[in-house]
Structures are given as structure tokens and as C-alpha cells.
Amino acid sequence: MEGEQVIIIGAGPAGLAAAIQLKRYGIHPLVFERAEVGGLLLNANLVENYPGFPSGIPGPELVELFVKQAHNLGIAVTFEQVSALDYDGELFRASTDQKSYSARMAVIATGTQPVAFTDLVISDELKSKVFYEVYPLLGVQGKSVAIVGSGDAAFDYGLNLSRKNRVVILNRGDSPKCLPLLWERARNVAAITYREQTTLCQLGACPGNRIRLNCQSPEGVLQLDADYVVGAIGRQPRLACLTDALNQSVKELEDQGILHMIGDVKNGLYRQTSIAVGDGVRAAMKIYNRLKEQR
Ligand SMILES: Cc1cc2nc3c(=O)[nH]c(=O)nc-3n(C[C@H](O)[C@H](O)[C@H](O)COP(=O)(O)OP(=O)(O)OC[C@H]3O[C@@H](n4cnc5c(N)ncnc54)[C@H](O)[C@@H]3O)c2cc1C
């Protein structure tokens, strides 16, 4: 397979696993990453369902191991955002701000993007205090953080940040939607306050360079001040880099075995590291077999 290269968009668990497996076949993975290697996994507080780590492992530590393995195999990541991926009938072309890259096969491992607070007006002044992932806040301490959401991510974020900060989790519904074990852990942490039937309606500035949350609650209007707000209200596939033409032929190209969607970007509810990694290995094996057939 000397000289053959494959475009991989995304250096999260799925993209890295595909790259590692391709390398074993002597196929060169051209891996692109717009942000940080490790993707969403960098936000995971404690991964307890990835085999091989009997006591669990924090997401960033698992990422470090993935990176080490990729590095040992000589896999280089190109830190460029792919703005467009297209196919001209023979080659896939990935365009970034810097240049354009081509290969006969491509793997889309772009994961998900957060659902943003589209119904709230967030002034420019406040934008730097509103996050949708906790990774950028992991160094913060002694602050107060309001987390909006009630699923696994909201509670995982809360447990993570509560080690060094005070956290309030705001759920507009009337019960948590997270795994029972996360709920059990969170309710035993003194630094976490959980509020039900509390809907965030407005964000404003407040003294001390903080952010004021106006919420509707069973007691009426509730005002909370925080240093940061984290939205954990859902995620959706990150597919903006596919051109319209490519979008329409995804199924056909997948059937031909030359385009592969792997990991969270296509796994719906089943967004887990082990599944993403399995997808990556399977895609690489399919690519190898396809190239063998062609020779
Ligand atoms: C709080 C939290 C806790 C979690 N806990 C667990 C757990 O305990 N166990 C578990 O198994 N899973 C857990 N997960 C889920 C796990 O993180 C994901 O399933 C996994 O990261 C998915 O891998 P992926 O490679 O498919 O996508 P991602 O990790 O999202 O990676 C996609 C990568 O693609 C990059 N990218 C996207 N578009 C482009 C582009 N156009 N150009 C270049 N790069 C691009 C992104 O920047 C990103 O780095 C957790 C997730 C969260 C948020």
C-alpha cells in the first residue's frame, strides 16, 4: 500500500483509531484537526466503560495515551480546519485555509457540535464567559459555574468542575436525565447545587465581571450570579465541511467503500469512545480490503 494516503477529518478517538489501524497496513493517514487532538473526550471526567482501565481513567489521560500511541507510529496531525470536502469522481479534495489536499479515500470523523443557546441574546461582552464544553475551564478554581442541562454531559461537567469550584446545575425539567450513578455522585458533592424546573431566560452582565442569569422557577423569577455559564443542552453531528454535492452522494460513496463516516458524527444516541474507536478500526480495515481488491 506504499504511497497510498487517506484523508481523515477529525483527530478525536474515531479519527485516531482509524489512523493507527491504517498505519499498520502501511497506508498514510492525512489527519486534520481544527482544535485539539482528543476531541470531546478531553471533557470526560472519568471514563469507566473503556476496557483496560479497571479503575476508570480521566478523559484527558486517555487522550494522552492515544496521542502517545499515534506519535510512536509516526502519525502526524495537521492542525487545519477542513472547510470543504468534495469528490470529483476520482479524488476527494479537502480544502483548508492553507491549502487543498487530495486522496482516493476519505474518512469523516468530525464528531458533534453543541446545541447553542439560540433563544438567548448573548452580548459580545458575555460571550467569553459562556462555554459549551468544560475542557477550557479545567484550570479554573474558586469560581462559580452555572451548568444548564440535565443529561450525562451536564452532570459529568458538574462533577468535573466541582473539584475546584462551586457549581449549580439548572434543569428546566422536573427530574435529571443523566445516568443514575452520575446523579448519585452529584448529589453527594457539597459544591454542587441542583435546581429543577428552572429555565434560564436571560443572561446579563453584573458587577465583579460576572454574569447574571435570570431564570423562571417554581418560586418565580430567580436571579443567579456566576463567573461562567456552561451549556449542556445537546449535541448534533458536525457536518458543515461536506459540500452540498458530497452530502447528496454520501450513501453511494459509502456503499462503494471509498467514504467512511465514523464515530459520534453518525452514531446518534450511541456516542461512546469505545464505539468511535471500533468504527475507526473497522473503517481502516474496509479501506485496506478495498485497496487490495483494486490492485
Ligand atoms: C462530558 C462527557 C463525558 C463523556 N464520558 C464518556 C465516557 O465515560 N465513556 C465514553 O465512552 N465516552 C464518553 N464521552 C463520549 C466521547 O467523548 C465521545 O464518544 C468521543 O469523543 C467521540 O469520538 P469522535 O472521534 O467520534 O468525535 P470527537 O471526540 O467529537 O472528535 C471529533 C474531532 O473532529 C474535529 N473536527 C470536526 N470538524 C473538523 C473539521 N472540519 N476539520 C478538522 N477537524 C474537525 C473536532 O475538533 C474533534 O477534535 C463523554 C463525552 C462528554 C462530553
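Which residues come nearest to the ligand? Here are some notes on that and on the helices around it.

1. A word on provenance to begin with: this is a predicted model, so please read the distances below as computed from it.

2. To the opening question: the ligand has 37 residues around it, and those that come nearest are E33, L40, N49, D264 and T273. Sorted by class, this shell holds 16 nonpolar, 13 polar and eight charged residues.

3. D264, already listed among the nearest residues, has a polar backbone atom 2.8 Å from an oxygen atom of the ligand. For A14, a backbone N or O atom lies 2.9 Å from an oxygen atom of the ligand. At L41, the distance from a polar backbone atom to a ligand oxygen atom is 3.4 Å.

4. Helix α1 (residues 13–24) and helix α7 (residues 273–294) have axes that come within 7 Å and cross at roughly 35°, and the crossing is right-handed. On the α1 side the contact uses P13, A14, A17, A18, Q21 and L22; on the α7 side it uses T273, A276, V277, G280, V281, A284, M285 and I287. By class, 11 of these residues are nonpolar, three are polar and none is charged. Notice that A14 and T273 take part in this helix contact and also turn up at the ligand, A14 through its backbone and T273 as one of the nearest residues.

5. The remaining shell element, α4, has a helix partner too. Its axis is 10 Å from that of helix α5 (residues 180–187), and the two pack at an angle of about 35°, in a left-handed crossing. D152, F155, D156 and L159 of α4 meet L182, W183, R185 and A186 of α5. This contact has five nonpolar, no polar and three charged residues, whereas the contact of α1 with α7 has no charged ones.

Terms used
Residues are numbered from 1 along each chain as its sequence is written. This is a predicted model: local features need pLDDT of at least 70, side-chain atom pairs count only at pLDDT 80 or more; totals for chains, interfaces and linings use all residues. Side-chain values use heavy atoms; hydrogens and water are left out. Axes are lines fitted to C-alpha atoms, for helices over the stretch in contact, and angles run from 0 to 180 degrees between N-to-C directions. Helices (H or I, at least four residues) and strands (E, at least two) are DSSP runs, numbered from the N terminus. A crossing is left-handed if the near helix is turned anticlockwise from the far one by less than a right angle, and right-handed if clockwise. Contact means heavy atoms within 4.5 Å. Ala, Val, Leu, Ile, Met, Phe, Trp, Tyr, Cys and Pro count as nonpolar, Asp, Glu, Lys and Arg as charged, and the others, Gly among them, as polar. A residue is near a molecule or strand if one of its heavy atoms lies within 4 Å of it. A polar contact is a pair of N or O atoms within 3.5 Å; within protein, one must be able to donate a hydrogen and the other to accept it, and residues adjacent in sequence count only if both atoms are side-chain atoms.
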